[in-house]
Amino acid sequence: QVQLVESGGGLVQPGGSLRLSCAASGSIRSINAMGWYRQTPGKQRELVAVITSGGRTNYADSVKGRFTISRDNAKNTVYLQMNSLKPEDTAVYYCNIAIIRFGEYHVRDYWGKGTLVTVSS
């Protein structure tokens with residue numbers, strides 16, 4: 001009853017930029033935190049950035065100063081602006097959104113299917 005659709009991944013050269021989007025739709029009463037994670041083969045999924053419902057943000061040290069997370073509450077969408085990309089940023093990026101559905105009062109975590117970001121010359 002809730003769907004997340006990610007977009008914006010692709011191939012980019014080192015130093016380039018990409019913007020990821022993740023839109024939630026369906027039976028949504030309210031949205032709490034929204035975030036982005038990434039995963040490479042053989043490694044655990046790691047937090048990249050998170051933004052609370054109040055707009056507070058937190059970033060992994062490896063992306064501070066290069067990535068910016070933002071949200072559009074009217075569109076139930078979270079964005080990740082990635083600048084000065086490095087080869088080590090190559091990963092599958094997943095959005096994660098904490099949602100309270102209509103008729104419920106507890107938070108459910110939803111994940112996107114992932115979008116591949118490849119940074120290579």
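Author: Helices (H or I, at least four residues) and strands (E, at least two residues) are taken as DSSP runs and numbered from the N terminus, and by that naming Glu104 sits in the loop between β9 and β10 (108-111). The model is a predicted one, in which local features need pLDDT of at least 70 and side-chain atom pairs count only at pLDDT 80 or more, whereas totals for chains, interfaces and linings use all residues. Residues are numbered from 1 along each chain as its sequence is written, and side-chain values use heavy atoms, with hydrogens and water left out.

Reader: Why is Glu104 called buried?

Author: A residue is buried when its relative accessible area is under 20%, exposed when over 50%, and partly exposed in between (1.4 Å probe, protein chains only). Glu104 has 14%, so it counts as buried.

Reader: What makes the pair Glu104 and Arg108 a polar contact?

Author: The term needs a pair of N or O atoms within 3.5 Å; within protein, one must be able to donate a hydrogen and the other to accept it, and residues adjacent in sequence count only if both atoms are side-chain atoms. The side chains of Glu104 and Arg108 meet at 2.9 Å, and the contact is listed as polar.

Reader: How do you know that Cys22 and Cys95 form a disulfide?

Author: The cut-off for a disulfide is a pair of cysteine sulfur atoms within 2.5 Å, and the sulfur atoms of Cys22 and Cys95 are 2.0 Å apart. A search of the whole structure finds one disulfide. Cys22 lies in strand β3 (residues 18-26) and Cys95 in strand β9 (residues 91-101), so the bond ties together parts 73 residues apart in sequence. Both cysteines are buried.

Reader: Why is the disulfide of Cys22 and Cys95 called right-handed?

Author: The torsion about its S-S bond is about 40 degrees, and the disulfide of Cys22 and Cys95 is therefore right-handed.

Reader: What makes β4 a partner of β9?

Author: Two strands pair if DSSP finds at least two bridges between them, and nine bridges join β4 (residues 28-39) to β9, the two running antiparallel. Within this pairing, Tyr37 has Tyr94 of β9 as its bridge partner. β4 also pairs with β5 (residues 46-51), again antiparallel, over five bridges, and there Trp36 stands opposite Ala49. β4 and β5 form a hairpin with six residues between them, and in the turn Gly42 has a positive phi of about 80 degrees.

Reader: Why are β1 and β7 called edge strands?

Author: Four strands form an open, antiparallel sheet in the order β1-β3-β8-β7. β1 (2-7) and β7 (67-72) each have a single partner strand, so one side of each is left without a neighbour in the sheet. From one strand to the next the twist averages 15 degrees, where axes are lines fitted to C-alpha atoms, for helices over the stretch in contact, and angles run from 0 to 180 degrees between N-to-C directions. The partner of β7 is β8 (residues 77-82), joined to β7 by six antiparallel bridges, and Phe67 has Met82 of β8 as its bridge partner.

Reader: Why are Asn76 and Ser84 called partly exposed?

Author: Asn76, in the loop between β7 and β8, has 23% relative accessibility and so counts as partly exposed. Ser84, in the loop between β8 and β9, is partly exposed with a relative accessible area of 42%. Neither residue is a glycine, yet phi is positive, near 50 degrees for Asn76 and about 50 degrees for Ser84.
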